[in-house]
Amino acid sequence: MTCRCPPLPRKPTNKELAPFLVTMAVSVFRMTLLMGFFMGFVMVGLVTSAKFDELFQPSWAFDHLIYEGEQLKLKLDNASGSGFQSKSKYLFGKVNIQIKLVEGDSAGTVTAFYMSSEGPNHNEFDFEFLGNTTGEPYLIQTNVYVNGVGNREQRLNLWFDPTKDFHNYSIFWNPRQVIFLVDDTVVRQHSNLEHKGIPFPKDQPMGVYSSIWNADDWATQGGRIKTDWSHAPFIASYQGFQIDACESPASSVSAADLTKKCTSSAENKYWWDEPALSELNLHQSHQLLWVKANHMVYDYCSDNSRFPVTPEECQHHHH
């Protein structure tokens, strides 16, 4: 048979290759500089891992934690809930966990993933997943505590069913902002407004926690729907445990020394201090606007019955 194929390309001459080779050389040079830049970051005090037992430990109801390979499951029944916590505390960085929430009738249950410091003037960043009756959407409630004061709740529904598969839930924190993300989509931002006289959580190391418990006095439709224990046990599943953050020393250090340790300087550079991470980029800003327009169902900033005087931070920035 006669092949009706295009002719084979001829081998290019060195003269024709010259511009391409120059471009390649420049690209390699730039990549080398970039790699050198990142390799120059000081990694001491940083923790990154994806294995539960390297980062976390059970915190209560040990017999209600179920280990299945790389997965961990928390169980809630009418005897107890359960929970786990990080082995260390951290100041600045990012925490990520993949969670598959309770399937079916989860009304009355709450699954929480949060960061918190200790003491009456603690700081805290909360994801709380509020269960619902079968077929009704889960609600996510986020909250921010600063110096022991919370009451900054926002609630949103999700654009997917969080009970059918694992999804990423992340908290990013640096001296300029706190960001809550769902599958890398920004769902909340809390900015540093200290220049307006508003406190910002930046000097207390935080542990990372998760738990499941019965909260049928408030969790579902204001407490009108109670937990149906005939559907127990309620199971929340976890995998993909990651912490990329500045680890606080086990021994006691002053807030000033810890902040200095975990903040970039001329000698030490940390990724979370990069100028590009001082605020949301354009894509992230659009994500947050989309979430607020399409999925937010409650914002404390708009609740005039609770706050006749608008909270001061609500007047200065978007959450």
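I began with Glu-128 and listed what it is in contact with (heavy atoms within 4.5 Å); leaving aside neighbours within four places in sequence, the partners are Val-110, Thr-111, Ala-112, Leu-139, Ile-140, Gln-141, Trp-213 and Trp-218. I note that this is a predicted model, in which local features need pLDDT of at least 70 and side-chain atom pairs count only at pLDDT 80 or more, while totals for chains, interfaces and linings use all residues. Residues are numbered from 1 along each chain as its sequence is written, and side-chain values use heavy atoms, with hydrogens and water left out.

**Entry on the annotated glutamates**

I looked up the UniProt record, an unreviewed entry, and found that its "active site" annotation covers Glu-124 and Glu-128; positions are given in the numbering used here, feature names are shortened, and such annotations may be inferred rather than shown by experiment. I placed Glu-124 in strand β8 (residues 124-130), and Glu-128 in strand β8 as well; helices (H or I, at least four residues) and strands (E, at least two) are DSSP runs numbered from the N terminus.

Are these two side chains buried or exposed? I found Glu-124 buried at a relative accessible area of 12% and Glu-128 buried at 13%, where buried means under 20% relative accessible area, exposed over 50% and partly exposed in between, with a 1.4 Å probe and protein chains only. Not counting residues up to four places away in sequence, Glu-124 touches Tyr-114, Met-115, Ser-116, Asn-143, Val-144, Tyr-145 and Met-206. I also recorded a polar contact of 2.8 Å between the side chains of Glu-124 and His-122; the term stands for a pair of N or O atoms within 3.5 Å, of which, within protein, one must be able to donate a hydrogen and the other to accept it, and residues adjacent in sequence count only if both atoms are side-chain atoms.

**Entry on the core and the aromatic rings**

I counted 23 aromatic pairs in the structure, taking rings of Phe, Tyr and Trp (its six-membered ring) to pair if their centres lie within 6.5 Å, with planes under 30 degrees apart counted as stacked, over 60 as edge-to-face and the rest as tilted. Phe-52 and Tyr-67 form an edge-to-face pair, 6.0 Å centre to centre with 65 degrees between the planes. Because Phe-52 lies in helix α2 (residues 52-55) and Tyr-67 in strand β3, this pair ties together parts that are 15 residues apart in sequence. Phe-52 is buried at 9% relative accessibility, whereas Tyr-67 is partly exposed at 49%. Trp-271 and Trp-272 are also edge-to-face, since their ring centres are 5.8 Å apart and their planes are at 75 degrees. I noted, too, one aromatic cluster formed by Phe-52, Phe-56, Tyr-67, Phe-84, Tyr-238 and Phe-241.

**Entry on the backbone**

I checked the peptide bond from Ala-232 to Pro-233 and found it cis, with omega near 5 degrees; Pro-233 is placed in the loop between β14 (207-214) and β15. Phe-92, in strand β6 (residues 90-100), has a positive phi near 75 degrees although it is a residue other than glycine, and Phe-92 counts as buried at 1% relative accessibility.
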